[in-house]
Amino acid sequence: TQTTKKKNMGGEDEEQMMERLNTEGKAKEVENPAVVKKKIFGAYEYTPQMTLKNMSIAGCAALFFLAFVGSPLFLVSDNYASSFFLSAAPDLANNFADLDSPFDEAHLPIFWHIPKSYGSSLRAYYSCMGLVEAGDASELSGHGETEDLYVWERICNGDCNVNALYINVDTSGKEGIMRAQRLGLAQSGLADLATTMHLGFATNMFTPEYKGRIFTLLRHPVEQQVSFFYERQIVEWEQKGGVERPKLADFDVKSWFEERRKHDNGGYVVSLLLDKDRHEPITEADMALAKRFMKEKFLIGLSKRMPASFERFDKYFGWFDNEKRGECLKTFGQLKAKGENDPKKIEVGSELWNYIAESYKYDVELFNYAEELWEDQATTSWFWK
């Protein structure tokens, strides 16, 4: 059983907060030309900024022109123009911070969580350190319906790895991302980090003033997809919706990937990154955009280098001096070695490995590029300033 207590950033529950506020007087209002947010007993009421939906046609055209021309991604457009790039590049360029840009308190770290890539270990690590996360905890704990933002604490009673502080918005799914936008998650300052699988769609949560700063943990696509298959085969019911999948028990790994190859576009990860339908073909323009996006905006981590990746994240985001870091790293930074539960692995370079790699050739191409970025980022001067 998990119990939860509503708390603010100072560790007070609602009763303690009300008593203090009655003594101190009305909570302060914070204003800027675009946003008004009011702290009321730990919650934030949010007045949305101007969005594309309520702008004039001329305003939209001007915004897209200025964002497009001023974006580093504009360099891709000459030879690799695509409908996705023309519509989405302004948001990607302006709503996510450049990797080497100065830090701003208005920026929110966002972890791109790719399934079966040890992202759960990373999230447990940061929960152990006491960071406040916007992820899927609110949905799992039933706190995703209120119309203001709170920090909650999930207390484990033997049924989870670690206590966790979380915001009552579910950024793991698209509906929750739109709710986070409506409630002003990025503007609230309550979260230390947000987590999502749908990074391309998550641009909706951010603005050019309140940007996201991206980091991710990547695993080789063959290992990731094989692990995904075995998990699906073991689980009899979908976690959401109660959809039974008995046929998976009858598939061996080769047959499964032969079947998937008939329908998938060869870029599961690329499609998540660009918010693209997995049945639509991946184009040269898509790959150019994905690589440019990753180079400009991503702090790269590798699952095969988890401790080093965690160290890189912590130094970049200012979490390295957290007093719990050493203890949490021992507990959660080494889970890859002892937490691997795939029934069997595929031998690198084998016929089956090569078949799966070809089936996800665009993901393999992007992963190989990310490995190069990992090496480059280790020696980049701005990172070590």
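How much space lies in the second largest cavity? About 50 Å³. This is a predicted model, so to speak of local features pLDDT must be at least 70, and side-chain atom pairs count only at pLDDT 80 or more, while totals for chains, interfaces and linings use all residues. Residues are numbered from 1 along each chain as its sequence is written, and side-chain values use heavy atoms, with hydrogens and water left out.

**Stop 1: the second largest cavity**

Select Q225, F228, R232, R260, D264, Y268, R278 and Y360. These residues line the second largest cavity. A cavity here is a set of points, on a 1 Å grid over the protein atoms alone, where a 1.4 Å probe fits but cannot get out; lining residues have an atom within 4 Å of a point. Grid points are joined across faces, edges and corners, and the volume is the space filled by probe spheres set on the points.

Now colour by class. The lining has three nonpolar, one polar and four charged residues. Nonpolar covers Ala, Val, Leu, Ile, Met, Phe, Trp, Tyr, Cys and Pro; charged covers Asp, Glu, Lys and Arg; the others, Gly among them, are polar. Helix α9 gives the most to this lining, with three residues. Helices are DSSP runs (H or I, at least four residues), numbered from the N terminus.

**Stop 2: the largest cavity**

The structure holds two cavities of 30 Å³ or more. The largest has about 90 Å³ of space. Select I114, S117, L218, R219, P221, Q224, V269, M294, D363, L366 and F367 to show its lining. Seven of these residues are nonpolar, two polar and two charged. Next, highlight α9 (221-234) and α17 (361-378), each of which supplies at least two lining residues. The top contributor is α17, with three.

**Stop 3: α5 and α14**

Select residues 119-128 for α5 and 325-332 for α14. Their axes lie 9 Å apart, and the packing angle is about 155°. Axes are lines fitted to C-alpha atoms, for helices over the stretch in contact, and angles run from 0 to 180 degrees between N-to-C directions. That angle makes α5 roughly antiparallel to α14. The classes are: under 35 degrees roughly parallel, over 145 roughly antiparallel, 65 to 115 roughly perpendicular, the rest oblique.

The crossing of α5 and α14 is right-handed. A crossing is right-handed if the near helix is turned clockwise from the far one by less than a right angle, and left-handed if anticlockwise. Show side chains for S121, A124, Y125 and C128 in α5, which meet R325, C328, L329 and F332 in α14. Contact means heavy atoms within 4.5 Å. By class, this contact of α5 with α14 has six nonpolar, one polar and one charged residues.

**Stop 4: α5 and α13**

The crossing is right-handed. Show S121, L122, Y125 and Y126 of α5 against M306, F310, F313 and D314 of α13.

**Stop 5: α13 and α17**

Finish with α13 (residues 306-317) and α17, whose axes come within 12 Å and cross at roughly 55°. That makes α13 oblique to α17. Here the crossing is left-handed. Select A308, S309 and R312 in α13, then W374, Q377 and A378 in α17, to see the contact. Its residues divide into three nonpolar, two polar and one charged.

Note on methods
On a 1 Å grid over the protein atoms alone, a cavity is a set of points where a 1.4 Å probe fits but cannot get out, and a pocket is an open set with protein on both sides within 12 Å along at least five of seven lines; lining residues have an atom within 4 Å of a point.
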